[in-house]
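The following paragraphs are intended to be read alongside the sequence and the three-dimensional view. They proceed from secondary structure to the core, and then to charged pairs and backbone geometry.

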Amino acid sequence: GVSTQVLEQERKDALKKSFALDYDRCYLKVKDILSQKDKVAYIYAEVPKEKLIAIYLSPVDTTPVGIFFTQEPQGNTLIEISSPSIYAKEEIANRIFTGIKELIKPK
């Protein structure tokens, strides 16, 4: 199996943001964002019981990044982005947080 241990260890230093979206919609939106053509990330593991998507920055850059989801009260979801690489963590957090903000922006 593929190890996600380093992502668990780095979770204490994760970039975090809470969104007014339920877990299922949040999870699907993150997968959409990760598959956008111009910036494809490679999903190498999905761990449903950990509510984790583990990715590589791209198909050629195998820096691991973990995306953790935590259900919160009032149907909110906390997203945590962890990685041993500060650059990778910030890059993916920026992509995901911006993408989700676009989704929930009032029309």
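Helices (H or I, at least four residues) and strands (E, at least two) are DSSP runs, numbered from the N terminus. This is a predicted model, in which local features need pLDDT of at least 70 and side-chain atom pairs count only at pLDDT 80 or more, while totals for chains, interfaces and linings use all residues. Residues are numbered from 1 along each chain as its sequence is written, and side-chain values use heavy atoms, with hydrogens and water left out.

Although Ile-100 and Phe-19 are 81 residues apart along the chain, their C-alpha atoms are separated by 7.9 Å. Contact here means heavy atoms within 4.5 Å. When neighbours within four places in sequence are left aside, Ile-100 is in contact with Phe-19, Leu-21, Cys-26, Lys-29, Val-30, Ile-33 and Ile-79.

Which residues touch the most other members of the largest nonpolar core? Such a core is a set of buried Ala, Val, Leu, Ile, Met, Phe, Trp, Tyr and Cys residues joined through side-chain atoms within 4.5 Å. In the largest one, which has 23 residues, they are Val-30, Ile-67, Ile-79, Ile-81, Ile-96 and Ile-100. H2, strand E3 (52-56), strand E4 (64-71), E5 and H3 each contribute at least two residues to this core. Apart from it lies another core, of six residues, including Leu-7, Tyr-44, Ala-45 and Phe-68. In soluble globular proteins, nonpolar side chains tend to be buried together. The contacts of Ile-79, again leaving aside neighbours within four places in sequence, include Leu-15, Phe-19, Cys-26, Val-30, Ile-67, Ile-96 and Ile-100.

Helix H2 may be considered next. At 1.5 Å a residue, its 12 residues should span 16 Å, and its end C-alpha atoms are 16 Å apart, which agrees; the expected span is 1.5 Å times one less than the number of residues. Tyr-23, Cys-26, Tyr-27, Lys-29, Val-30, Ile-33 and Leu-34 are buried in H2. Viewed down the helix axis, the buried residues fall within an arc of 165 degrees, so they line one face of H2; the arc is that of the directions from the helix axis to the C-beta atoms. An α-helix has 3.6 residues a turn, so residues three or four places apart point the same way. The cover over the buried residues of H2 includes E2, E3, E4, E5 and H3, whereas the face turned away from the buried side carries the exposed residues Asp-24 and Leu-28.

A salt bridge is a side-chain nitrogen of Lys or Arg within 4 Å of a carboxyl oxygen of Asp or Glu, and a search of the whole structure finds six of them. One of these joins Lys-16 and Glu-80 (3.8 Å, N to O). This pair links distant parts of the chain, since Lys-16 is in strand E1 (residues 15-19) and Glu-80 is in strand E5 (residues 77-82), 64 residues apart. Lys-16 is partly exposed at 48% relative accessibility, whereas Glu-80 is buried at 7%. Arg-11, Lys-16 and Glu-80 are linked in a network of salt bridges.

Glu-46 and Lys-31 also form a salt bridge, with their closest N and O atoms 2.9 Å apart. Glu-46 lies in strand E2 (residues 42-47) and Lys-31 in helix H2 (residues 23-34), so this pair ties together parts 15 residues apart in sequence. In the salt bridge between Arg-95 and Glu-91, the closest N and O atoms are 3.2 Å apart. These two residues are four residues apart in helix H3 (residues 86-104), and are therefore separated by about one helical turn.

The backbone calls for a final remark. Most residues other than glycine have a negative phi, and most peptide bonds are trans. Lys-51, which is not a glycine, has a positive phi of about 50 degrees; Lys-51 lies in the loop between E2 and E3. Gln-74 also has a positive phi, near 60 degrees, and lies in the loop between E4 and E5. Gln-74 is exposed, with a relative accessible area of 74%, whereas Lys-51 is partly exposed at 25%.

Technical notes: Buried means under 20% relative accessible area, exposed over 50%, partly exposed in between (1.4 Å probe, protein chains only).
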